[in-house]
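Here is a short briefing on one protein model. Look at the sequence and the structure first, then read on.

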Amino acid sequence: MQADNLTGGQELLCINTEKVYDWILNEATFDLSLADLELPVNPATGAQLECDDIDIDTVTCTVAPAAVDPIVILDRVDQQFVIDGAQVTLQLVNIRKNFEVTIFVNLIPELGGATVEVGSAEFTRCEQVILCAPEGTDVNVTYTDLDCFVCTAICDTTTTATPDELDVTVTVRLCQSIQSVFDVTLEIVADFCQPRDILPIPPCPAPTIPPQCPVVFPSQPQPTVNGDNC
């Protein structure tokens with residue numbers, strides 16, 4: 001049966017969307033140790049870099065979710081809670097997050113001061129959160145901020161047979177939005193959207209000239225004295 005149009009241009013509609021069962025925001029900070037990162041070759045010359053070739057005070061990092069399985073929901077366990085005097089069943093959700101951190105360093109000014117990539121490493125961190133996330137719902141994790149900074153950096157000289165190595169400790173800070181959602185079909189009364197008016201293309205501007213400075217140019221006629229021009 002087709003519903004008649006309602007007054008005010010509204011109709012009874014069915015739409016597919018996601019119902020949010022629960023939503024939290026949380027912040028996490030953790031440290032990471034990267035040891036024995038071999039110095040690369042100089043990209044400009046192809047020569048193997050040594051500790052004396054880099055500025056140890058310029059070591060930096062970047063961090064990003066792993067390309068494969070950045071977020072893995074390991075499992076969820078029902079737990080009973082009493083909230084505002086009522087007993088409710090929530091879920092303890094175990095989450096595994098995979099990242100990749102990359103280390104950079106600047107060459108000394110004598111070698112041009114360019115930034116070179118030393119190396120990268122993958123690492124994993126796990127956490128638990130309490131959510132209303134019963135079986136059948138999806139748990140979505142979105143990073144609203146993901147950043148890192150280098151806490152310490154030490155360059156170790158090795159034998160001539162192997163490249164010098166960099167030992168780095170990195171602090172990673174992330175802010176994340178965690179939601180449990182489920183696909184639903186909703187019946188709502190709503191207005192249909194209408195297209196906006198087309199914006200007119202402005203006409204060609206009229207020619208203009210820059211403002212003048214009549215106080216200083218053209219100069220005013222000079223006064224005469226005894227009939228002669230000064």
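How many helices and how many strands does the secondary structure of the protein come to? There are zero helices and nine strands. Keep in mind that this is a predicted model.

**Overall form**
- From the N terminus on, the elements run β-β-β-β-β-β-β-β-β.
- The protein is more spread out than a compact globule, because its radius of gyration is 33 Å, well over the 17 Å that the globule rule gives for 230 residues.
- Along the principal axes, the C-alpha trace spans about 110 × 85 × 40 Å.

**Surface and contacts**
- Of the 230 residues in the protein, 30% are buried.
- The accessible surface of the protein is about 16000 Å². Carbon and sulfur atoms hold 55% of that surface.
- Take the contacts with a separation of 6 or more: 75% of them join residues 24 or more positions apart.

**Cys 175, a residue in strand S7**
- Find Cys 175 in strand S7.
- Is Cys 175 buried or exposed? Cys 175 is buried, because its relative accessible area is 17% and the cut-off for buried is under 20%.
- Cys 175 and Glu 27 are 148 residues apart in sequence. In space, their C-alpha atoms are 4.5 Å apart.
- Leaving out residues up to four places away in sequence, Cys 175 touches Asn 26, Glu 27, Thr 142, Tyr 143, Thr 144 and Asp 145.

**A nonpolar patch**
- Which residues make the nonpolar surface patch? Ile 15, Leu 186 and Ile 188 do, and the patch covers about 200 Å².
- Ile 188 lies in strand S7, which runs over residues 165-191.

- Asp 36 is not a glycine, yet its phi is positive, near 60 degrees.
- Asp 36 sits in strand S1, residues 10-38.
- Asp 36 has 48% relative accessibility, so it counts as partly exposed.
- Asp 84 is not a glycine either, and its phi is positive at about 55 degrees.
- Where does Asp 84 lie? Look in the loop between strand S3 (71-83) and strand S4 (86-107).
- Asp 84 is exposed, because its relative accessible area is 82% and exposed means over 50%.

Key: Residues numbered from 1 in each chain as written. Predicted model: local features only at pLDDT ≥ 70, side-chain atom pairs only at ≥ 80, totals over all residues. Heavy atoms only, no water. Helix = DSSP H or I, 4+ residues; strand = E, 2+ residues; numbered from the N terminus. Buried < 20%, exposed > 50% of the residue type's maximum accessible area, 1.4 Å probe, protein only. Patch = residues over 30% accessible without salt bridge, like charges linked within 9 Å, V, L, I, M, F, W, Y side chains within 5 Å. Areas by Shrake-Rupley, 256 points an atom, 1.4 Å probe, with all protein chains shown as cover. Salt bridge = Lys/Arg side-chain N within 4 Å of Asp/Glu carboxyl O. Contact = heavy atoms within 4.5 Å. Rg over C-alpha atoms; globule rule 2.2 N^0.38 Å.
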